[in-house]
Amino acid sequence: MGGLEKKKYERGSATNYITRNRARKKLQLSLPDFRRLCILKGIYPHEPKHKKKVNKGSTAARTFYLLKDIKFLLHEPIVNKFREYKVFVRKLRKAYGKSEWSTVDRLKDNKPSYKLDHIVKERYPTFVDALRDLDDALSMCFLFSTFPRTGKCHVQTIQLCRRLAVEFLNYVIASRSLRKVFLSIKGIYYQAEVLGQPVTWITPYTFAHDHPTDVDYRVMATFTEFYTTLLGFVNFRLYHSLNLLYPPKIDGQADVELKPAEGKDYAMDSESYLEKLSALSASLARVVAPTHEDEVEMDEFPVEGETAEQMDTRKKEQEALEKHKKLFEGLRFFLNREVPREPLAFVIRSFGGQVSWDKSLCIGATYDVSDPSITHQIVDRPRVEQQVVGRYYLQPQWVFDSVNAKLCLPVADYFPGVLLPPHLSPFVTEQEGDYVPPEKLKLLAMQRGENPDEESEEEDGEEEEEDDDNEKEEEEEEDESEKEEEMKLKKMEEQKTQSDKALPVKVTAGKLRLEDRQRLEQEQQSEEKRLAIMMMKKREKYLYKKIMFGKKRKVREANKLAAKRKAHDTALKEEKKKSKKARRA
Amino acid sequence: PCPPLTPLPSAPLQDIRNTVGNIPMEWYQDFPHIGYNLEGKRIYKPIRNKDELDMFLEKMENPDYWRTVQDKMTGADIKLTDEQVDLVHRLQKGQFGDVHFNPYEPAVDFFTHEVMIHPVTNRPADKRSFIPSLIEKEKVSKLVHAIKMGWIKPRKPKDDTPTYYDLWAHEDPNSILGRHKMHVPAPKMKLPGHEESYNPPPEYLLSEEEKLAWEQQEPAERKLNFVPQQYRCLRAVPAYSRFIHERFERCLDLYLCPRQRKMRVNVDPEDLIPKLPKPRDLQPFPTTQALVYRGHTSLVRCLSISPSGQWLVSGSDDCTVRFWEVCTARCMKTLPVGGVVKSVAWNPNPTVCLVAICVEQSVLLVNPCLGDKLLYGATDQLLESYVEPEEERVQPVQWVMATVEEHSKGVRVLVQHSKAVKQVTWHGKGDYFASVVSDNSNMQVLIHQTSKRWSQNPFRKSKGLVQCVLFHPIRPYFFVATQRYVRVYNLLKQELTKKLMTNCKWVSSMAIHPGGDNIICGSYDSKLAWFDLDLSTRPYQLLRHHKKALRSVAFHKHYPLFASGSDDGTVIVCHGMVYNDLLQNPLLVPVKVLKGHVLTLDLGVLDVLFHPTQPWVFSSGADGTVRLYT
């Protein structure tokens with residue numbers, strides 16, 4: 001047999017991995033550059049299955065990359081750009097040291113720069129791939145666009161982020177693809193369905209940031225660098241998919257409306273353009289003039305093996321979606337100055353509503369407070385001094401709740417100064433056995449089209465809840481010892497006999513027996529199960545116990561929430577009673 | 001230093017001018033003259049014959065002494081004039097020498113911001129201002145050359161705004177490489193639940209204790225990374241202080257966390273439960289507690305039953321042995337023995353009515369005098385028919401006849417050992433019995449023959465602390481359980497046939513299937529090992545049914561049942577079917593968990609025993625009772 005026998009750590013899995021330091025040396029990059037490269041190219045470490053083997057017998061904590069990944073990085077043109085940049089920095093420092101200002105200028109003019117287009121294309125070979133990875137990009141861009149224009153990072157980056165974010169919002173409005181909104185304590189979550197892909201992002205509330213010191217902004221900036229490139233290309237493609245111009249142009253008619261009445265220019269053209277765009281109040285110009293025949297009925301192509309029922313449900317879903325998209329169509333909103341303008345304008349416009357605000361608040365207001373055609377005014381004050389007849393004064397939560405409920409909710413709960421109903425997360429889909437808050441149950445009933453009296457609804461909800469509880473309790477009881485059940489039985493029997501004594505009416509014994517039998521059967525079954533569990537193999541038993549533990553914990557948590565709710569409700573009721581009594585007295 | 005004094009205006013009178021020039025005057029120190037005048041004659045130093053005293057007198061007397069200086073060039077004394085003194089004073093103060101010079105004259109703007117029509121100076125322009133500079137030409141030509149050679153690149157038009165185009169215009173299916181398929185996309189961020197809402201339902205808010213618990217937890221351990229909070233209106237919601245942190249942590253996760261595809265176990269837990277025959281189909285087995293035998297005041301350590309199944313004997317820590325009638329739970333007889341009873345064993349021979357009882361260092365052979373009078377009479381006769389052999393044999397134990405008093409109680413023979421006896425067990429025929437002594441030597445196990453009153457020590461060497469011993473029901477085998485092993489000896493061939501590994505830490509008890517091919521071993525680490533002697537020396541199955549240490553195990557004589565009693569107070573009855581077909585493995589199914597004994601002193605069930613004919617099981621416990629389950 002030919003060939004040398006390979007040594008211990010020169011074969012097998014040890015050859016597939018490379019430590020971070022070795023990878024860095026192989027690429028001849030400094031650690032920050034290596035980090036940047038990994039971020040841009042989307043290379044992440046791998047955990048080897050046998051760490052000790054890969055680590056050449058040592059158990060020290062090390063980061064491992066796949067050798068294939070690092071070899072792939074070797075061919076990256078960006079690496080050369082990094083080196084050029086290093087040389088540039090060296091030259092610049094030298095020129096500064098010698099006070100050769102003309103050289104400094106010349107060097108600065110010829111600063112090496114690189115583009116990330118090819119990396120975007122390489123990481124996301126298809127457009128759908130890019131859409132799937134858009135969540136982080138959007139959240140990051142929205143965060144960066146709120147940064148102050150000083151310090152932390154380049155002003156250009158912040159401006160670019162703002163521009164891209166606004167463009168994306170305008171796309172969502174134009175395509176009416178927003179689906180869910182959620183006001184959390186962290187920020188506002190949005191979910192849009194872009195070309196069939198759910199895209200979720202979070203925006204912070206508009207306050208100045210308290211910049212933390214233990215955050216490495218270089219890492220964030222590198223991510224943003226990549227994300228802006230990605231988002232730019234995605235925006236371009238999205239705009240073109242809707243026949244919109246990119247970079248976006250405000251529609252001609254709207255533009256005229258938007259022009260401030262005063263003759264003086266509001267700001268520099270480039271600035272005012274972005275601001276007008278970010279006002280989100282005007283529609284965008286199209287490449288091809290929109291025709292009203294756009295809304296062509298979809299042709300139906302029955303899929304093989306699909307029953308009529310499935311077709312029907314699909315059709316219904318489609319209809320519901322269309323209805324949802326036109327939720328606010330025909331409504332005219334006015335935003336008071338204390339409500340967050342941008343999120344509300346965005347949400348209302350995404351569902352077809354018209355929106356305006358005070359002229360002094362922001363550019364792009366289309367009508368005045370006194371406009372009689374306003375149907376809803378969004379107010380976030382305890383009370384409104386001058387109310388105009390013919391419009392609802394509502395708190396902002398109404399808009400968000402209505403969007404999540406896919407229908408315009410009754411307005412009574414949302415009048416200014418009223419204690420608001422809880423704001424529920426639209427991202428939670430309750431499975432069987434999960435705790436469902438009663439508000440959600442009410443909402444589900446409403447969506448089904450039932451709209452009975454509220455109180456009965458509540459009771460229903462409670463009943464359902466109780467049923468659930470009972471079931472859960474039963475489940476739990478199974479695990480309890482039979483002795484306790486026997487005790488219960490005894491108690492029941494005693495109660496029965498007592499009731500017998502108390503009343504002359506006889507209770508037939510047959511029924512009791514029947515229940516007994518059922519009980520006994522249940523007991524027997526549970527005991528059989530317990531005995532069978534005893535005979536399980538050790539490994540399976542472990543797994544079984546783990547699964548059962550998880551299930552029980554879930555039930556326990558749900559029960560805890562239900563109990564808390566019940567306690568809260570009773571406390572509330574008592575308070576109400578007390579206040580009533582006090583009023584009567 | 002003072003500037004050299006200029007020739008004084010008073011000098012022309014004398015006109016002594018030195019011509020040596022500006023040289024150090026020390027050079028003329030040793031000469032009588034000090035230089036040369038204009039005519040070339042020597043200038044002699046003035047005759048100085050002043051000594052210190054003269055100098056002093058002059059200083060005192062001459063009022064102008066302070067303004068007299070010596071001219072180094074001529075050596076003559078010169079009196080400074082008033083103007084000169086004034087000049088010296090002014091220079092010392094750092095003022096201008098000229099008295100009339102005004103340093104603070106009003107500034108006259110020479111060049112003004114207004115463009116003047118005339119040049120400031122009337123100087124004609126140079127010639128060089130009309131001809132091109134050669135140096136500049138050279139520099140320009142160098143730059144031109146550099147540009148031509150491409151060393152200097154022309155300034156690129158600065159355009160920071162990135163240009164976007166349709167990147168995915170030609171989606172090429174070939175561009176999806178292997179690495180894209182291998183790529184593990186980062187998991188998306190978890191979507192927020194109801195508790196993250198600014199106005200959550202009240203049940204999601206944390207109570208005071210929960211909040212405290214949340215604060216005390218490590219940040220990594222917390223289930224929620226925020227405290228749910230309720231605000232009355234949207235206006236009141238503040239900024240979230242950890243927003244940037246969270247984005248940053250997400251960034252770190254994206255580029256630092258190793259990614260891995262993990263297969264989720266998606267098993268229905270019901271599928272994991274083994275399919276066993278229903279206990280109902282495996283009847284009969286004991287299911288309920290039928291009788292409780294009360295009477296003992298302390299732990300009941302051991303039980304034994306007569307071969308007919310009518311009488312039960314129990315030994316307890318209260319130094320008595322009690323005989324019970326099984327069906328009525330009546331205590332027929334109480335035998336005080338004056339010591340803790342460690343073990344009792346009823347002779348399995350139905351024609352003999354004899355019970356072996358371990359009390360401290362001796363084994364008592366007791367005739368309980370219960371049941372058929374003929375039977376126990378015959379037993380007495382049998383014992384009395386013993387004839388002492390001629391020659392005295394050396395025995396490891398002493399066989400002593402009972403005294404009259406003891407005889408009246410039922411005790412017939414005492415076998416006195418050297419140390420405390422902890423177990424006694426009969427051979428199936430009823431003539432031999434074995435006793436275990438708690439000792440560390442080779443004298444731990446002794447085999448006794450009743451008819452000949454003859455004992456022997458089967459082992460030459462000790463193999464560890466013997467826990468219990470057992471006779472094979474049919475074949476001449478003898479089982480010895482030490483802490484971790486069970487050794488099987490052939491008594492005829494006098495050799496070790498097998499050594500069973502129990503995989504337990506400490507064997508407590510052992511029982512043998514009536515067929516003789518299967519053994520169960522209970523251990524203090526709450527395991528029960530089932531051995532198939534034909535199969536291997538390792539356990540066929542290790543059952544971990546009990547939660548605490550096993551104290552005893554038992555097989556039923558006829559029914560395929562075995563039971564184990566444990567410190568957790570339960571007796572577990574299992575169906576243990578052994579098939580005649582050698583290819584079929586035994587079937588073990590737990591059929592019933594019997595509870596009843598109360599835990600006392602952390603001890604539960606101490607002994608279990610099956611009825612010889614009925615599917616009944618007895619158990620004795622630390623609570624001083626014996627219970628019968630039927």
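## Aromatic rings and the A–B interface

One aromatic cluster in this structure is made up of F142(A), F168(A), Y171(A), Y190(A), W201(A), F236(A), Y239(A), Y246(A) and F346(A). A quick caveat before going on: this is a predicted model.

Let's stay with the rings for a moment. Counting over all chains, the structure has 45 aromatic pairs. A pair of aromatic rings is described by the distance of the centres and the angle of the planes, and the table does just that for two of the pairs.

| Aromatic pair | Centre to centre | Angle between planes | Geometry |
|---|---|---|---|
| F127(A) and W168(B) | 5.2 Å | 55 degrees | tilted |
| F226(A) and Y227(A) | 6.2 Å | 55 degrees | tilted |

Where does the pair of F127(A) and W168(B) sit? This one crosses between chains. On one side, F127(A) belongs to helix α8 (residues 127-132) of chain A; on the other, W168(B) lies in the loop between α3 (134-149) and α4 (178-182) of chain B.

Now for the interface itself. The size of an interface is often given as the accessible area lost when the parts come together. For chain A and chain B that figure is about 9000 Å², with 62% of it on carbon and sulfur atoms. In terms of residues, 118 from chain A are in contact with 89 from chain B.

What about the polar side of things? Between chain A and chain B there are ten salt bridges. In one salt bridge, the side chain of R250(B) meets that of D136(A), at 2.8 Å from N to O. The polar contacts across the interface of chain A and chain B come to 35 residue pairs, both partners at pLDDT 80 or more.

Which element gives the largest share of the chain A side? That would be helix α21 (residues 538-584) of chain A, which puts 14 residues into the side that touches chain B. Sorted by class, the side of chain A that touches chain B has 63 nonpolar, 34 charged and 21 polar residues.

How values were computed
Residues are numbered from 1 along each chain as its sequence is written. Chains are lettered from A and ligands numbered from 1 in the order in which they are written. This is a predicted model: local features need pLDDT of at least 70, side-chain atom pairs count only at pLDDT 80 or more; totals for chains, interfaces and linings use all residues. Side-chain values use heavy atoms; hydrogens and water are left out. Contact means heavy atoms within 4.5 Å. Buried area is the accessible area (1.4 Å probe) that two parts lose on being put together, summed over both. A salt bridge is a side-chain nitrogen of Lys or Arg within 4 Å of a carboxyl oxygen of Asp or Glu. A polar contact is a pair of N or O atoms within 3.5 Å; within protein, one must be able to donate a hydrogen and the other to accept it, and residues adjacent in sequence count only if both atoms are side-chain atoms. Helices (H or I, at least four residues) and strands (E, at least two) are DSSP runs, numbered from the N terminus. Ala, Val, Leu, Ile, Met, Phe, Trp, Tyr, Cys and Pro count as nonpolar, Asp, Glu, Lys and Arg as charged, and the others, Gly among them, as polar. Rings of Phe, Tyr and Trp (its six-membered ring) pair if their centres lie within 6.5 Å; planes under 30 degrees apart count as stacked, over 60 as edge-to-face and the rest as tilted.
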